[in-house]
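Student: I have this chain open for the first time. Can we go through it step by step?

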Amino acid sequence: MQPAPRRDVCRAVPRYFFHLYNDEVVCDEEGQDLAGLDEARHVAEVNAREMAAAGVMNGQLNLKHRIDAVDEAGKIVCTVRFADIVKVEG
């Protein structure tokens with residue numbers, strides 16, 4: 001018989017939702033299970049860069065657009081603005 005798992009070893013992984021605020025609001029209904037806030041911020045930054053790049057490919061880039069990472073309680077834990085993830089030179 002296997003012993004029951006220790007409660008301090010089996011911790012729940014937090015789920016984060018990534019809401020996009022651009023020309024319209026797009027709410028993430030599914031979310032992602034991530035290790036923590038640092039990983040959630042990284043996912044938001046990668047998604048923002050991908051969306052900014054797609055906008056540039058279509059001939060536009062709105063630096064006011066943003067992604068809010070929200071925890072399961074509905075609290076905004078970080079905001080990534082498109083202006084924060086690109087360096088515009090020249």
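Student: Which backbone nitrogen does the side chain of Asp71 reach?

Tutor: This is a predicted model, where local features need pLDDT of at least 70, side-chain atom pairs count only at pLDDT 80 or more, and totals for chains, interfaces and linings use all residues. Residues are numbered from 1 along each chain as its sequence is written, and side-chain values use heavy atoms, with hydrogens and water left out. Asp71 sits in the loop between E4 and E5. From there its side chain reaches, at 3.0 Å, the backbone nitrogen of Ala73.

Student: Which side chain of opposite charge is nearest to Asp71, and how far away is it?

Tutor: Lys and Arg count as positive, Asp and Glu as negative, while His and the chain ends are not counted. A salt bridge needs a side-chain nitrogen of Lys or Arg within 4 Å of a carboxyl oxygen of Asp or Glu. Asp71 is buried yet has no salt bridge; buried means under 20% relative accessible area, exposed over 50%, partly exposed in between, with a 1.4 Å probe and protein chains only. The nearest side chain of opposite charge is Lys75, at 5.8 Å.

Student: Which residues does Asp71 touch, not counting those up to four places away in sequence?

Tutor: Contact here means heavy atoms within 4.5 Å. By that rule, Asp71 touches Arg15, Tyr16, Phe17 and Val77.

Student: In what order do the elements of the chain run?

Tutor: Helices (H or I, at least four residues) and strands (E, at least two) are DSSP runs, numbered from the N terminus. The chain has two helices and five strands. From the N terminus on, the order is β-β-β-α-β-β-α.

Student: How many bridges join E1 to E4?

Tutor: Two strands pair if DSSP finds at least two bridges between them. E1 and E4 run antiparallel, and Phe17 stands opposite Val70 in E4. The number of bridges joining E1 to E4 is five.

Student: What stands opposite Tyr16 in E3?

Tutor: E3 covers residues 32-33, and two bridges join E1 to this strand in the antiparallel sense. Opposite Tyr16 stands Gln32.

Student: How many residues lie between E1 and E2 in their hairpin?

Tutor: E2 is residues 25-26, and it pairs antiparallel with E1 over two bridges. Leu20 stands opposite Val26 in E2. The number of residues between E1 and E2 is three.

Student: Which residue in the turn between E4 and E5 has a positive phi?

Tutor: E4 and E5 pair antiparallel over five bridges. Arg66 stands opposite Arg81 in E5. The hairpin of E4 and E5 has five residues between the strands, and the one with a positive phi of about 90° is Gly74.

Student: Which residue does Arg15 meet in a salt bridge, and what does the pair tie together?

Tutor: Side chains of opposite charge can pair when their charged atoms come close. The count here comes to three salt bridges. In one of them, Arg15 meets its partner at 3.1 Å, N to O. The pair ties together parts 18 residues apart in sequence, because Arg15 lies in strand E1 and its partner in strand E3: Asp33.

Student: Are Lys87 and Glu89 buried or exposed?

Tutor: Their side chains meet in a salt bridge at 3.2 Å, N to O. Both Lys87 and Glu89 are exposed.

Student: Which residues of the chain does Phe82 contact, leaving aside neighbours within four places in sequence?

Tutor: Phe82 is one of the core residues that touch the most other members. Its contacts are Leu20, Ala48, Met51, Ala52, Leu61, Asn62, Leu63, His65, Arg66 and Ile67.

Notes: A nonpolar core is a set of buried Ala, Val, Leu, Ile, Met, Phe, Trp, Tyr and Cys residues joined through side-chain atoms within 4.5 Å. A polar contact is a pair of N or O atoms within 3.5 Å; within protein, one must be able to donate a hydrogen and the other to accept it, and residues adjacent in sequence count only if both atoms are side-chain atoms.
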